[in-house]
Amino acid sequence: MKTKVLTTSNLSIGYRLSGQKNRLVASGLELSLNEGELVCLIGPNGAGKTTLLRTLAALQKPLDGQVELAGKILGQMQEKEIAKTISLVLTEPIAVGQMRVEELVGMGRFPFTNFFDNHKPSDERAVMDAMRSADAKNLVGRYFTQLSDGERQHVMVARALAQEPKLLILDEPTAFLDLPGRVKMMLMLQKLAHQEGKAVLCSTHDLDLALQVADWVWLMDRSGSISQGSPEDLVLRGEFGKTFNRQGVEFDAASGKFKTETENHQKVILHGIGIEKFWTMRALIRVGFDVLEEGESNLPLVEAMMENGKTSWRLKRNGGVISHASIYSLVYALSEDKLNPTSGKAA
Amino acid sequence: MIKPSNQVNVSAETVREVKPRLFLVWMAILLFVFVLVFILDLSYGSLKIPASYIIRILSGVQTDKPIWHEIVLNIRLTKAITAVLVGSGLAIAGLLMQTFFRNPLADPFILGINSGASLGVALAILSLGAAGSLFLTQINTLGDLGVAAAAILGAALVFGLVLLVSRSVKSSNTLLILGLMFGSATSALVSLLIYFSIPERIQAYMIWTYGSFGGVTWNQLKVMAPVMLVGIAISSLLGKSLNALLLGEDYARSLGLNIGRIRFLILLGASILAGTATAFCGPIGFLGVAIPHIARNLLRTSNHKFLLPAVLILGAIAALLADVLTQLPGTAFILPINVITSLFGAPFVLWIILRRKAGSGVSV
Amino acid sequence: MKKSFSALFILSILILSSCQIVTPMAVQNSPGSGLAQAEAATVTTEATVETTLAAPTADVIEKVEIKYAKNFTLEYREGYILLGVKTQDSPTALQYALVPKGTNPTIREKDAVVIQTPIEKIITLSSTYYPMLEQINELGTVVGIDDDTYTYNETIRKAVEAGKVTVVGGDGAGSLLSLEKVIELAPDLLMSPYMNAPIFEDAKLKESKQTLVLNADYLEYSPLGRAEWGKFVAAFYNKEVEASKLFDQLVVRYEEIAKLAAGMGEKPSVLVNTAYQGSWYMPGNESFVAELLNDAGANYLFADSVTGTGASPLAFEVVYEKAKDADFWLNVGFASDIKGLVAEDARYGEFKAVVEGNVYNNNARMNPNGGTDFYEGGVANPDIVLKDLVKIFYPDLLPDYQLFYYSRVN
C-alpha cells in the first residue's frame, strides 16, 4: 500500500485580485500524491499548471478547499516544517554569480542547519548523496555559471534532493534541454520515484517522454478540470484527444503521437519489411498520404528494398517503374504527382 | 593569483570546501592592512605628526607635545573611528541591497533613505529664513546632534513609508521603483528650498553634501557608534537568509525562510546603517556599491557567510584610505570625501572587474 | 521568533530616542565655551573696589557709545564690558564678556562667552578686519587667516609668505576649516563674519573649546554703521576708546562730504551691478549701496521699485527699461574695459552710461587674484568711498581729489 504524501480536498486555485474579486483557475480538485510514484502534470499553455504547482508547494494560498501534507493541513504549517517535506525545482533563473556547485547544493540543507549555516558531517553526506542521485557528482568544484543548461538542471535537482524531501515538485524540468538531456532528466525522475521512494510531481510539455515514464498523469484542460489516470488509461479513454484538440492537430491513439491533419489524402500502397518500411511509411504519412498494405492497381505502389546492403525504393506508377536512391527523391516524385494529378500519364 | 581549482578533496562520503582556507588567508591579510591604514589615517593631517608620536599618544604615554595629544585624540581619532563605522556600515548596507534586489548596481541609498535624510537636513539648514533669526536659538536647542537629528528624522520617515509599502507590495522591483520615486520627490523638494534660499545657506547645505568624516564629535559618536553597531549586528546575522535570497523569493520560501520577516530585517539593517551614516557624515557615495563587488572578486564567492565579514573590513579600509586622500598633507586644504571616493573608486572597481576573464562580467 | 524580532526593533528605537534626548540635554547645560561655566563656578560675589578700579573701562575713562551700528551693543558692567551681537531681527543675542586679564568679576550673563583682554593672538576669517586692526596697530596679533587669495593688505600677504601667518581655511565659501591648524596656533579667539556660515554650526569646533566670535559688520546697512565695528574689534584689545576717537573723526569727514553733495540741484541717475545668468541682482533701497549713493547725492534708479536691505533678482528687461537712460553705471563686476563689458552682453552697448563713457568700477585697488580693497579697506573708510562717489557724480566739487577705490572703465 503506497503512502499518501499529499492530498487535496475540494481544492480551488487561482489568484486573489484587489477587492473581493478572485480569478479562479480550477476548482473542486481532489488530487493525491504517493510515495514512490512519478506523476506528470500535462496540459496546454494557460491551463493553470504553474498555479497548481505553486499552490501545492505552499507558494500560493488556495482560494478554497485545503491541501494536506503528510497528515497536516498545509496552510497551518510553518515554513520550516514544509521545507523538510517538499522541495522544488522551478524555471526561474537564479542569480548566483560566484557560487560553486557544492555550495548551491549545500543550500538545500537550510531547513536543517543552524543560524550560521554550519554544516555537520551528516549535512555533507546528504549533499553528496543528493549529488549522486541527481547524476551531478562529477560537477563538484565547478562554478554554477560555467555549467551547461543540462548540467545546471541536474544541480538544481540535487539541491532539491539535499532537502531530503518526501515530495519533489518540478515545474517544466525539461524546458531548455536538448533531447538527450530531456530523456536523462525524465529517467532520473523516474528513478528517484521508484528507487528512492520519493513522491515526484512534474509538469511538462514533453508528452512523449511523459507517457513513457509517468506512473500517473494529471491531465489539465483549459477549463481547469483535471482527468487522472495512468497514461495508457487516459489515452484509451480518449482524454488526450479531448484536451489537446485544436484545429489541424489530432492525437493519434495508435501511435501515441500528435498528427497534423492534412487535407486531400491520396492513397499509396507500400510493400517492404523492417525499419525501411517503418520509416518509409512515416515519410509518406508526413507528406499526407494514406498508406495501405493492399489496394487497387491504379494506385501508386512503393517497394522498399535492400540490395547489396543498400536500400532503394521502386515506384510503380501508371505502368512505369522508377528507382529512387533516397526517400527524399521518392517523396519528391510522389509529391509532384500530387500537385499535378494526371490519371494514367507516364512521368 | 589563486585560481579556482577544479580539483577538490572529495572523499567517498563528504565534500570538503576549499573556500574556508582562502577566506581565512584573505581575512588575515585584510586585518593587517586595516591596522596599517588606521594608523596611516591617524598620521595624516594638516600637521605633520610622526608615527612614533601617534603610537605613544594612543598608548596613553605623555609626550613633549601636549597639543598633538589633543589633535590626535580629539580630531584624528574620532575621524578615523567615524570612517571605520561609516565604511563598514555603508559597505554592508550596499551588500544587503544588492542581494535583496538581486541587482549589482544597487547601493545603500536605493530606497530613498538618503533622500529622506537630505530633505531633513535641507529643511534644517535652508528654511531658517533670510535673517537667520531662528538660527541663534537652533544652535543651542538642537545641541550637539543638530543637523544629524533632522537627517535621522527624515531618514526614519522614508523608512517608515518604505515599510508600509513593502507590506502590500509583493515584488521587490516595485519597491526599487518606489525608492527611486521617493528619491526624485525629495530631490525636487530640496531644489525648491535651495531656490528660495540665500547664498550663505545654500553654501552651508552644499558643504553638507560634500560628505565628511571629520565633523563628528565624541558626544555624537556616543550616539552614532551604538546605532551603527546595532545595524551591523542585525545585518551580520542575515548571512544565511541572504544566501537563500540569491535563489529568488520562491526558492527561499521553499527552504523555510519567512520572507516577510527577512525583508523587514534587511530593510531595517540597511536603513539604520545608511540613514545614520548620512545623518552624521553627509551622503557618501560609491562605497556601498563598490565594496561588495570588490569583496566578491577577491574572495571569488557569492556566499554571504564570507562576504559579510569581508565587506565589513574592506569597507573600513576603503573609507580610511579615502580619508587619507582627502588631506593634501602639509596644507590646510581638505577635499570632500565624495570627490575622493568617486575619483579613485571608479577606476579601481573597473580594474577589479576587467581583471577577470572577459565574459564573467558583474553579477550578484 | 517574530516576537523576539519585534522586541529587537522596539529596543533599537528606544535606544535611539533615549540617546537623542540625553545628549542634547547634556549640551544645553553648557552652552558656549566651557570656560564660561568654569568662570561662573569660581567667581565670588565679593567684587572689591580694587577689581573695579583695575578695569580700564570703569568710570575713570570715558565710555564708548554706539551710534550707527545696529547689530552690536557695547555695555559697561561692573568690572567687564559686555558685547552683544545680533542680526537685525533676531531676539537672542550672542554675548561676549570682555574681562581684563588678572581680574575676576562676577559675570551676570550666564550665556556670555568670557574672553580675557587684551587678546594676543587672533585668527581672522574675513579680510574686513585687517584695516580695523591696523588702525589700532594690532595687525601683528593675526596668527591665522581664512584665505589669502583675495587679500589686498600687503602686510598680511607678506606675513603669509614669510610663514608668520597661517592659512587655515574656513572662509564659508567652500574651503573647510583646518581644525588641526587652528589648535596648533592656539589663538585667543577666532573672529568670523556671516551668521549663517557653517563655522557656527561646526560641532567639532565647539568640542575643541575654541572661542568663536561673531562679527556681523557685513549685516549693517549704513556705511558708518559698518565702520563703527572698528570699536567692536578694538574692545578685545582694550582699545575701544582709541577706536572711538578715530571713528568720531571719520564721522566728521563723512558728513562734510555728504553736505557738499546734498545741496546739488539735479541728481544724476545711477545703475549698479550687472546681469548674471538672466537675473540682475539689484540692491534694495535700504541697502548699503543705496545709502552710499543717496549720501553721495545720486538718484539710485531702483530706489522706488526694490525695497529692503538685501538684493533682489530682477529680470533683464525690467532693468533694461530704466538702465538705458542711467547717467552713471557703477560696480560692473569683473570687466576690465568697455569691450569686455559689452562682450558679456551686447545690449550693454546701448546704455547711455556706456555710450557717454560714465562707467566706473570699484576695483582700482586690486590684488593679483582679483581681490579688491573696496571690500577690505573700503569698509573701514566709508568717507573715502563717499568721496570717490561724489567725485564721480560731481567732479567739480572735489577738483583736487583723485579717485581711490574707483576708476573709470574705458
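Here is a walk through the chains, with something to select at each stop.

Before you click, know that this is a predicted model, in which local features need pLDDT of at least 70, side-chain atom pairs count only at pLDDT 80 or more, and totals for chains, interfaces and linings use all residues. Residues are numbered from 1 along each chain as its sequence is written, while chains are lettered from A and ligands numbered from 1 in the order in which they are written.

**Stop 1: chain A as a whole**

Select 4-244 of chain A for domain 1, then 266-339 for domain 2; the bounds come from an automatic or database domain assignment.

**Stop 2: the six-stranded sheet of chain A**

Now pick out the open, mixed sheet of chain A, with its six strands in the order S7-S8-S9-S4-S10-S11. Strands here are DSSP runs of E with at least two residues, helices are runs of H or I with at least four, and both are numbered from the N terminus. Two strands count as paired if DSSP finds at least two bridges between them. At the edges you'll find S7 (86-89) and S11 (226-229) of chain A, each pairing on one side only. Ignoring direction, neighbouring strands in this sheet are turned by 15 degrees against each other on average.

Zoom in on S4 (38-42) and S10 (216-220) of chain A: they run parallel and share four bridges. To see one bridge, show A:Val39 and its partner A:Trp216 in S10(A).

H5 (149-162) of chain A lies across S7 and S8 (167-171), at about 170 degrees to S7(A). H6 (179-194) of chain A lies across S4, S8 and S9 (199-203), at about 155 degrees to S9(A). For these angles, axes are lines fitted to C-alpha atoms, for helices over the stretch in contact, and the angles run from 0 to 180 degrees between N-to-C directions.

**Stop 3: a hairpin in chain A**

Select S1 (4-16) and S5 (64-69) of chain A, an antiparallel pair with five bridges. A:Ser12 faces A:Asp64 in S5(A). Carry on to S6 (72-73) of chain A, which is antiparallel to S5(A) and joined to S5(A) by two bridges. Here A:Glu68 has A:Ile73 in S6(A) as its bridge partner. The S5(A)-S6(A) hairpin has two residues between the strands, and A:Ala70 has a positive phi near 45 degrees.

**Stop 4**

Hop over to chain B: 15 helices and zero strands. Of its 364 residues, 50% are buried, meaning that 20 or more other C-beta atoms, placed from the backbone, lie within 10 Å of the residue's own.

Which part of chain B supplies the largest share of the side that touches chain A? First select the whole contact: 35 residues of chain B against 32 of chain A, where contact means C-beta atoms, placed from the backbone, within 7 Å. Both H10 (239-246) and H11 (249-254) of chain B supply at least two residues of that side, and H10(B) gives the largest share, with five residues.

**Stop 5: the sheet of chain C**

Last, go to chain C, where four strands make an open sheet in the order S1-S2-S3-S4, with mixed pairing. Its edge strands are S1 (72-77) and S4 (113-117) of chain C, each pairing on one side only. The twist averages 25 degrees from one strand to the next. S1(C) and S2 (80-85) of chain C run antiparallel, joined by six bridges. Finish by showing C:Arg77, which stands opposite C:Tyr80 in S2(C).

Key:
Contact = placed C-beta atoms within 7 Å. Buried ≥ 20, exposed ≤ 12 C-beta atoms within 10 Å, placed from the backbone.
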